[in-house]
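Q: I'd like to learn how to read the aromatic rings in a model. Could you walk me through it?

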Amino acid sequence: MKKKKIILAATSALAVLALAACSGNTNQEIATMKGGKITVSDFYDEAKTNQTNQQLVQNMIIFKALNNQYGDKVSDKEVDAEYKKSKESMGDTFESQLESAGYTEESYKKLIRDNLVFQAAMEANVKVTNDDLKTAWKTFHPEVEAQIIKLSSEDEAKEVKKSADDGTDFTKLAKEKSTDTETKDDGGKIKFDSETTTVPSEVKEAAFKLKDGQVSDVISATNTTSYSTDYYVVKMVKNQSKGNDMDKYKKELTKIAKDTQIKDQAFQTKVISKVLKEENVKVKDDAFKSVLSQFTTETTGTSTSDSKTKSSETKSSETKSSETKSSETKSSETKTTESSSK
């Protein structure tokens, strides 16, 4: 499995020089020349209209408000635990990746905390209805036991399929042929359900249709990391039908319904709008008057027509995402983490 990578999407000079502007020394010179000079104030006036900086200010406001309301839901112990997971997952490259991405231990832990606070805010506002459970039930499949062989070409996959059909031991084939480093040494053994994210949806869909002991046809699936095509052959070890009793899986279905809501952009926008209103957030600088317009025009203190002129296209779930899979929590385009799967 490839080591996880921290990637810095964008760095805004506004984050540094705005501090000088706020210090009151707005006439501090950045550069001088025969024809004049450029001051911190000059830079600020120019930089604050940049879309990247507009995004940065939006993120700062949102996460400040979220922390005010839900910061006490996240403990230092939780942050340290997530930090440790990231460090262990990246191994010896952790320190160098933090440095190259522009993080210190302190700032990276703040990133983790913000992500956890965002998650806590979403979870606190989730309400699962019976209709939500019924929707989750439609695509739900309980955990199965199977063996998989992953291959890089269709021809290789066809050869493995033929060998399996001819009676060659599937465990032996997995150990010799599979490119999946996570499962090959154990003969391709794996457990997954309909919500498992480490198994491609194409593989899950085909596997759930198999009877115990049955071997699938060759399954092609798009690798979401490299966008290449991987090929799989699956043997079902122990399948199980979900039956007709939805209540038997209520715990699993509730989690699915909650996760579905939390990932929904409209739901996230609704929660953020609620928090901004309760925190009485008002944007005072006209240069940033529209940064919150997608959440609520009332919060910005501007007219509806003004707010519509510059609506940001932010996805709040991606504003800052940590290394916790979470992943795919993913919420800041200024500082973001990204995991590379195998």
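A: Happy to! Let's start with a charge over a ring, which means NZ of Lys or CZ of Arg within 6 Å of the ring centre and within 35 degrees of the ring normal. Here the charged end of Lys 109 is placed over the Tyr 83 ring, 5.0 Å from its centre. Likewise, Lys 242 lies over the face of Trp 137, 4.4 Å from the ring centre. This is a predicted model, where local features need pLDDT of at least 70, side-chain atom pairs count only at pLDDT 80 or more, and totals for chains, interfaces and linings use all residues. Residues are numbered from 1 along each chain as its sequence is written, and side-chain values use heavy atoms, without hydrogens and water.

Q: Which residues form one aromatic cluster with Tyr 83?

A: Tyr 83 clusters with Phe 94, Tyr 103 and Tyr 108.

Q: How many aromatic pairs does the structure hold?

A: Rings of Phe, Tyr and Trp (its six-membered ring) pair if their centres lie within 6.5 Å; planes under 30 degrees apart are stacked, over 60 edge-to-face, and the rest tilted. The structure holds nine such pairs. One of them, Trp 137 with Tyr 249, is tilted, at 6.3 Å centre to centre and 35° between the planes.

Q: Are Trp 137 and Tyr 249 buried or exposed?

A: Buried means under 20% relative accessible area, exposed over 50%, and partly exposed in between (1.4 Å probe, protein chains only). Both Trp 137 and Tyr 249 are buried.

Q: Why is the pair of Phe 140 and Tyr 249 tilted?

A: Because their planes meet at 55°, with the ring centres 5.0 Å apart. Phe 140 is buried too, at 6% relative accessible area.
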